[in-house]
Amino acid sequence: MQIVDAHCHVWDLSLGKHPWLAEGVQHPHRYGDYSAVKVNFLPEDYQAAASPWQIAAAVHMEAEWSPDDPLGEARWIAELNEETGFPQAMTAQVWFDRTDAADLIAAQAAFPLVRSLRQKPKAFATAGKWSRGHRLAGSMNCPGFRKGYANLSQHGLHFELQTPFWHLPDAADLARNFPDTLIVINHAGVPGSRDPAILRAWSEALATVAAEPNVRIKVSGLGVRGEDWTTDAQREVILTCIRLFGADRAMFASNMPVDGIFRSFPQLIEDFIEITSVLPERDRIAFFAGTAADTYGFILS
């Protein structure tokens with residue numbers, strides 16, 4: 001099975017550019033204690049973690065690089081690629097409400113490996129606090145956010161969205177209002193639980209945004225805090241994403257090394273392969289490689 005990894009991270013902690021990974025720091029994280037990932041994870045570490053699997057191409061996702069050096073991560077990834085050939089593309093960081101957002105977006109777009117940008121919008125802590133038409137500062141509904149967001153299309157960049165599932169209707173509105181900009185939902189829309197009632201609410205919200213043709217989804221980030229990762233626990237989430245979006249708009253992603261807290265890379269791949277065995281072969285080829293290749297501009301052999 002040829003595999004393109006649509007979402008992974010590499011970092012070198014000796015650079016001191018990832019405040020959340022600094023020694024002694026524990027930021028709030030949906031996985032809880034993430035101390036296990038506070039080690040260097042470079043191209044050779046990624047490849048060793050994936051073995052015996054060979055990954056055809058991988059996309060580095062911005063990893064909360066320090067915002068006082070807004071172009072530093074893209075520059076560093078470009079150097080890594082020149083030295084090692086990995087990663088083959090990247091998503092850079094963005095801050096849409098910065099006064100210099102337009103200039104920074106143009107500067108990020110000038111790096112050949114940059115295909116997309118990510119900012120995690122502000123979000124309500126619980127679904128009960130969300131309401132349609134809210135004007136939460138820094139959210140997808142915020143005028144300042146949208147002013148910066150409007151610059152993406154002129155540079156051919158798409159938007160990587162990580163947000164709690166109850167904000168997915170906001171993403172549907174954003175997609176309709178900016179039809180020329182592709183949105184790629186990260187981490188399966190973050191269901192965050194396997195409780196049947198929560199999965200129903202997540203599925204309904206996901207269906208809302210899946211109805212928009214300029215939205216795709218990466219199926220990753222499936223760990224649940226305090227719960228063991230099992231193949232069966234991931235089955236409904238994975239198959240629901242593919243059912244709602246279709247294999248031509250859904251793609252495999254590892255979220256390594258973060259998802260390595262729950263599952264080794266080879267085991268994760270094997271879980272996805274087993275779960276998707278019920279799908280037609282064409283759909284599996286698209287899900288594991290074709291959709292990501294189309295999204296990030298890879299030419300596969």
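Author: Let us begin with a definition: Ala, Val, Leu, Ile, Met, Phe, Trp, Tyr, Cys and Pro count as nonpolar, Asp, Glu, Lys and Arg as charged, and the others, Gly among them, as polar. Please also keep in mind that this is a predicted model.

Reader: How does the lining of the largest pocket divide by class?

Author: The lining of the largest pocket has 21 nonpolar, 14 polar and eight charged residues.

Reader: And which residues lie nearest its centre?

Author: Of the 43 residues that line the largest pocket, Pro 28, Arg 30, Glu 64, Lys 120 and Gln 162 lie nearest its centre. The space in this pocket comes to about 1,300 Å³.

Reader: How many cavities of 30 Å³ or more are there?

Author: The structure holds three of them. The largest cavity has about 40 Å³ of space, and its lining includes Trp 65, Asp 69, Glu 73 and Trp 95. Helix 2 (72–84) and strand 3 (89–93) are the elements that give two or more residues to that lining. By class, the lining of the largest cavity has five nonpolar, three polar and two charged residues.

Reader: Changing topic, which residues of helix 7 are buried?

Author: They are Thr 231, Gln 234, Val 237, Ile 238, Thr 240, Cys 241, Ile 242 and Phe 245. Among the elements that the buried residues of helix 7 pack against are strand 7 (215–219), helix 8 (265–275) and helix 9 (281–296).

Reader: How far does helix 7 reach, and what follows it?

Author: Helix 7 covers residues 231–245 and reaches 21 Å from its first C-alpha to its last, close to the 21 Å expected. Gly 246 follows helix 7 and has a positive phi, near 80°.

Reader: Which residues touch the most other members of the largest nonpolar core?

Author: Tyr 149, Phe 159, Val 209, Phe 245, Phe 252 and Phe 272 do, in a core of 87 residues. Apart from it lies another core of 14 residues, including Val 59 and Phe 298. In soluble globular proteins, nonpolar side chains tend to be buried together.

Reader: What does Gly 144 touch, leaving out residues up to four places away in sequence?

Author: On that basis, Gly 144 touches Phe 96 and Asp 97. His 27 is 117 residues from Gly 144 in sequence, and the two are 26 Å apart in space, C-alpha to C-alpha.

Methods: Residues numbered from 1 in each chain as written. Predicted model: local features only at pLDDT ≥ 70, side-chain atom pairs only at ≥ 80, totals over all residues. Heavy atoms only, no water. Helix = DSSP H or I, 4+ residues; strand = E, 2+ residues; numbered from the N terminus. Expected span 1.5 Å × (residues − 1). Buried < 20%, exposed > 50% of the residue type's maximum accessible area, 1.4 Å probe, protein only. Contact = heavy atoms within 4.5 Å. Core = buried A, V, L, I, M, F, W, Y, C linked by side-chain atoms within 4.5 Å. 1 Å grid on protein atoms, 1.4 Å probe; cavity = no way out; pocket = protein on both sides within 12 Å on 5 of 7 lines; lining within 4 Å. Points joined across faces, edges and corners; volume = space filled by probe spheres on them.
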